[in-house]
Amino acid sequence: SACRNTVLVVPVTHAHWLWGWPNRFLLRMRAASTEVFALGPWEGEDFTRGLDDLASYRLLPHGYSGGIWTNRIDVIAPLTAMPK
């Protein structure tokens, strides 16, 4: 119930700790009306770091279908159309 109707932001370097990451986890969160966004690599207290470059984008699992938190949409948007 704590994950219903909310937004979760998950550092891509820690996402593998989530049960069923990525596909089963994303399905469970969608069923709970919760949006999931992948953040850039965890670097301490910096929660606003996005997936802002090719290297961090490549940390997403193949076929990832959740949201992407980025500060550089000009860099990341074209990558989403390309195979990793």
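How many helices and strands make up the secondary structure of the protein chain? In this predicted model, the chain comes to three helices and three strands, and, read from the N terminus on, these elements follow one another in the order β-α-β-α-β-α. The radius of gyration is 13 Å, close to the 12 Å that the globule rule gives for 84 residues, so the chain is as compact as a globular protein of that length.

**Overall dimensions and surface**

- Along its principal axes, the C-alpha trace of the protein chain spans about 35 × 30 × 20 Å.
- The protein chain exposes about 5,500 Å², of which carbon and sulfur atoms supply 58%, while 30% of its 84 residues count as buried.

**The largest nonpolar core**

- The largest nonpolar core is made up of 15 residues, and those with the most contacts inside it are W21, V36, L60 and Y64.
- Two or more residues of this core come from each of the elements α1 (23–31), β2 (35–39) and α3 (73–79), and among the contributors α1 gives the most, with three residues.
- W21, one of the residues with the most contacts inside the core, is in contact with A15, H16, V36, P61 and Y64 once its neighbours within four places in sequence are left aside.
- Two of these partners of W21, namely V36 and Y64, are themselves listed with W21 among the core residues that have the most contacts.

- Is R30 buried, exposed or partly exposed? With a relative accessible area of 44%, R30 is partly exposed, because that value falls between the 20% under which a residue is buried and the 50% over which a residue is exposed.
- Not counting residues up to four places away in sequence, R30 touches S65 and G66.
- R30 and N71 are separated by 41 residues in sequence, and their C-alpha atoms are 24 Å apart in space.

Note on methods:
Residues numbered from 1 in each chain as written. Predicted model: local features only at pLDDT ≥ 70, side-chain atom pairs only at ≥ 80, totals over all residues. Heavy atoms only, no water. Core = buried A, V, L, I, M, F, W, Y, C linked by side-chain atoms within 4.5 Å. Buried < 20%, exposed > 50% of the residue type's maximum accessible area, 1.4 Å probe, protein only. Helix = DSSP H or I, 4+ residues; strand = E, 2+ residues; numbered from the N terminus. Contact = heavy atoms within 4.5 Å. Rg over C-alpha atoms; globule rule 2.2 N^0.38 Å. Areas by Shrake-Rupley, 256 points an atom, 1.4 Å probe, with all protein chains shown as cover.
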